[in-house]
Amino acid sequence: MTSRPQYYTPEPYDPYADDEPQGGWFNSDGYIPSQPQGYDVPQAYEAPQAYEVPQAYEVPQGYGSPEGYDYDPRTYPYQQPADQPTFALQTVPEAEAEAEAAEPGYHVPATPEVGWDMAASRRRAWVSRAVLLFVLAVQAVLSLRLANSAFQDEALYLSAGHAELQHLLHGTPLPVNYAAYFSGSPQLYPVLAAAVDDRFGLAGARTLSLAFMLGTTALLYSFTRRLFNERAALAGAALFAVVQSTVVMGYFATYDAAAVFLLALATWIVVRTDRAPVAAVLLAAPVAVLAVGVKYASALYLPTIVVLALLTGWPHKGGKAFLRMLLLALGIGALLAAGMYGTDLLAGVRQTTTDRDHGSDGAAFLLQRSAEWGGLMFLTAVGGALSYVRRSRMNESPLAQRLGNPGWRWRALLGLLLCGTALLAPAYQVHLGTVVSLFKHVGFGLLFAAPMAGVGVTRLIGAHFRYPQLGIMLWTATLCLGISQADWRFGVWPDSAKMIQVIDSHVDRTGHYMASTPEVPVYYLREKTSQRQWQGAFAMEYTDRKGRHHVGDAGYRAALRDGAYDLIVLDGLTNPRVDTVVADALKGNAHYRLLADLPFRNSSGTGHYRIWVKTS
């Protein structure tokens, strides 16, 4: 037994020692460690100086010592040249071939050009509808927060509606010929509102107007979406929902809300039938004529609807769009002619619309008011129209660049039509020289400018909502203006609740009365009195006991001198000049005594209801 030198020195166990490379394929010198067959060289082996390498491990001739990088004389005898692969490397291609044969190859899916789809989807539709419901909820809250007693126009139309209902159902004679001076048919909106008022009172009649205005905003969203896209539709509806005219008309029992709803419905039909057969546009004709019947001033917007029939049909029908416009114009004209000459409404149209007396309000004043009540939204619409003419693409997807878009002339005509319609009401009011009902008529024009205003908001925000703060600032400014202006508008007239309580016991079916706004007591006390018993602060005519006829201020003085009225109610607001004439005539008059002096507060400050009752 021979003894071998103790060359192996144990070291602490290292679990990661096998993971460290000892030269190999990935080394820069290109050599792989090789083990001699039948003999394992222990790790960290060091041969003693007296130890001779066995003959089996002599270095073959022809191999030079690589003196370059990573040369280690201790491992050199066990290295092989790089051009002689080991057995493991020789079997790798065979293993890969077997794996490829056993498993199908992996194919990289085609990458879409964009990460979203331009086509309509259920998710997009429901998200858009949810935002629209939020807009409608805001609009409803802004209108419902308004509170005051009945305005004289509300009281007049509701009283007329009750009288018309009694006439239709029971044959009761009408107290006055409402059709002769109403600016809308007394058989349409007043009858509907009176039926609701019978069941739910003034709040119910005002809620009916709210339903009309909410429907108008929803229709505006729908046809704007058809013209452009969901984003422009939501932006236009959001702006329209918070302007003064929309908020006030949404809780104002007059026929304005019903008229603007019918105009929106007619516009929606025209836009919605752009791809339908040409004759389908005739569905809008009766709706448009009904809008004119509800309020005669709606006829101002009929040319816009007719021209819109041409513009919306042109991209889909070409030259047939002219036939579409012609059919709609003929249908509306025929129905209007039948309505005018088949009824007694022509006199009312002439007196309240075409031959209306001109006022004394200046053009600068009227334009200033128009700018205050709708200027911000109108400027947004103009900006949207100019941007739309410059660039037609409404979708952020690059695929939209390959879609066919209408030419710049068509876009310019559409922008001019929609924005120009907003100027019709201010121009007509300047022609008449009166600010009466201007705030409501501004809202009619903003209905048509709203789609372009929606485009303006989307272009202001930018692609992918780059500048959302700008859109939020614009909407917030419009909202603040709408709230403040609506609050001021709904506080213009005084609260008449106390006044009605005071005069309730002094009114019956036999007396004769005078008031600054006789429509208000006639409405609240309609079970005790009728309109023919009341004299207002305008158009006074009186024949005294000697048979002499008096007109105007002289008529008031003569009537009070004779004690012609059993009760007199003045508010000092409706016609201050006439109120002063009446108050002067009552000073020292033995026929009357002051019954009550009721203070009130309105948007302009404070005032007084002064009530006189006849003593002899």
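This is a predicted model: local features need pLDDT of at least 70, side-chain atom pairs count only at pLDDT 80 or more; totals for chains, interfaces and linings use all residues.
Serine 516 lies in the loop that joins β3 (513-515) to α18 (519-524). The relative accessible area of serine 516 is 5%, and the residue is therefore classed as buried, the cut-off being under 20%. One of its contacts, that with aspartate 579, includes a polar contact between the two side chains, at 3.2 Å.

Helix α16 spans residues 468-490, 23 residues in total. The distance from the first C-alpha of α16 to the last is 33 Å, close to the expected 33 Å at 1.5 Å a residue. Buried positions in α16 are Gly471, Leu474, Thr478, Leu479, Gly482, Gln485, Ala486, Arg489 and Phe490. Residues three or four places apart in an α-helix point the same way, because there are 3.6 residues a turn. The buried residues of α16 pack against α2 (122-144), α4 (189-227), α5 (230-240), α6 (244-249), α12 (363-390) and α15 (438-461).

Most residues other than glycine have a negative phi. Serine 437, although not a glycine, has a positive phi of about 65°. This serine is located in the loop between α14 (424-432) and α15, and serine 437 counts as buried at 18% relative accessibility. Alanine 539, likewise not a glycine, has a positive phi of about 55°. Alanine 539 is placed in the loop between β4 (534-535) and β5 (541-543), and with a relative accessibility of 75% it counts as exposed.

Key
Residues are numbered from 1 along each chain as its sequence is written. Side-chain values use heavy atoms; hydrogens and water are left out. Helices (H or I, at least four residues) and strands (E, at least two) are DSSP runs, numbered from the N terminus. Buried means under 20% relative accessible area, exposed over 50%, partly exposed in between (1.4 Å probe, protein chains only). A polar contact is a pair of N or O atoms within 3.5 Å; within protein, one must be able to donate a hydrogen and the other to accept it, and residues adjacent in sequence count only if both atoms are side-chain atoms. The expected span of a helix is 1.5 Å times one less than its number of residues. Contact means heavy atoms within 4.5 Å.
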